[in-house]
Amino acid sequence: MHTLPLKIWHEFQSVVETLSDETPSRQVLEVILFWIRSNRKHLTGEPFTVYGFDSLAKIDEREIPVEYSSFKVSDLINFKSIVLKRQARDVDSIARFLRDTIEELATVEVDEQCPRCESEGMRAFIGKYNGLLAYQCNVCGYSNYSDGSRVENGGLEFASERQLRELGLI
Ligand SMILES: [Zn+2]
């Protein structure tokens, strides 16, 4: 398992510590992406590959309608407290938490029920290869296309503002 250099993690913590509760969600996303992009050489291998950091680093945040995400002040407060609590050695939980936070910031929630765990509320994504609308469960992570078919591993990407408008989701 890869480790995270202390200095790199502490840098991230000190930036996150300066975010006020009024920080716009878009800026929170930018802070995370900036840190990931500036430290790519430390974020290779497991667990970062498992959580798709390669594709996260490449997203075009200008196309993403962060303002429509479900990320609220309470999520920001929670985000700060978790980042400040984690130690650099908690690499797996850091990687998973940052991936989950980016997904929360970069997707919109839709009124769909998860076919697997029956939780309400799923997130909208787009199929990387077929351009179809897909839903991913907030709770268990199950995903399927809007036509009911299963999503292949790593088959989803964030929907752009234009795509979400065309689909009538924003
Ligand atoms: Zn589920």
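Biologist: Where is the place of Pro-47?

Modeller: Pro-47 sits in the loop between H2 and H3. Helices (H or I, at least four residues) and strands (E, at least two) are DSSP runs, numbered from the N terminus.

Biologist: What is the peptide bond from Glu-46 to Pro-47, cis or trans?

Modeller: The bond from Glu-46 to Pro-47 is cis, and its omega is near 0°.

Biologist: What kind of model is this, and how are residues numbered?

Modeller: This is a predicted model, in which local features need pLDDT of at least 70 and side-chain atom pairs count only at pLDDT 80 or more, while totals for chains, interfaces and linings use all residues. Residues are numbered from 1 along each chain as its sequence is written.

Biologist: Into which domains is the protein divided?

Modeller: There is a domain 1 (6-106) and a domain 2 (109-166); the bounds come from an automatic or database domain assignment. The C-alpha centres of domain 1 and domain 2 are 21 Å apart.

Biologist: And how many residues does the contact take from each domain?

Modeller: Eight residues of domain 1 and seven residues of domain 2 take part in the contact. Two residues are in contact if their C-beta atoms, placed from the backbone, lie within 7 Å. On the side of domain 1 that touches domain 2, four residues are nonpolar, two polar and two charged. For these classes, Ala, Val, Leu, Ile, Met, Phe, Trp, Tyr, Cys and Pro count as nonpolar, Asp, Glu, Lys and Arg as charged, and the others, Gly among them, as polar.

Biologist: Let us turn to H2. Which residues in H2 are buried?

Modeller: Ser-25, Val-28, Leu-29, Ile-32 and Ile-36 are buried in H2. A residue is buried if 20 or more other C-beta atoms lie within 10 Å of its own, exposed if 12 or fewer, and partly exposed in between, with C-beta atoms placed from the backbone.

Biologist: Why are they on the same side of H2?

Modeller: They are on the same side of H2 because they cover an arc of only 100° around the axis. The arc is that of the directions from the helix axis to the C-beta atoms. On the other side of H2, Gln-27 and Arg-37 are exposed.

Biologist: Which helices do the buried residues of H2 pack against?

Modeller: They pack against helix H3 (53-58), helix H4 (73-85) and helix H5 (91-106). As for H2 itself (residues 25-38), its 14 residues reach 20 Å from first C-alpha to last, close to the 20 Å expected at 1.5 Å a residue. The expected span is 1.5 Å times one less than the number of residues.

Biologist: Which residues are buried in H4, then?

Modeller: In H4, Leu-76, Phe-79 and Val-83 are buried. They lie on the same side of H4 because their arc around the axis is only 60°. Exposed residues on the other side of H4 include Ser-74, Asn-78 and Lys-85. The buried residues of H4 pack against helix H1 (6-17), H2 and H5.

Biologist: Moving to the strands: how do E2 and E3 pair?

Modeller: Strand E2 (residues 120-127) and strand E3 (residues 133-137) are antiparallel, with five bridges. Two strands pair if DSSP finds at least two bridges between them. Phe-125 has Ala-134 in E3 as its bridge partner, and Ala-134 in turn has Tyr-145 in E4. E3 and strand E4 (residues 143-145) run antiparallel and are joined by three bridges.

Biologist: Which residue in the turn between E2 and E3 has a positive phi?

Modeller: Gly-131 does, at about 70°, in a hairpin with five residues between E2 and E3. The hairpin of E3 and E4 also has five residues between the strands, and Gly-141 in its turn has a positive phi of about 85°.

Biologist: What about E1 and E2?

Modeller: Strand E1 (residues 109-113) pairs with E2 in the antiparallel sense over three bridges, and Glu-109 stands opposite Arg-123 in E2. Six residues separate the strands of that hairpin. Glu-118, in the loop between E1 and E2, has a positive phi of about 65° although it is not a glycine.

Biologist: Is Glu-118 buried or exposed?

Modeller: Glu-118 counts as exposed because it has 10 C-beta neighbours inside 10 Å.

Biologist: Finally, why does Leu-164 count as buried?

Modeller: Leu-164 counts as buried because it has 21 C-beta neighbours inside 10 Å. Leu-164 is part of helix H6 (residues 161-166). Not counting residues up to four places away in sequence, Leu-164 touches Pro-65, Val-108, Ala-124, Ala-159, Leu-169 and Ile-170.
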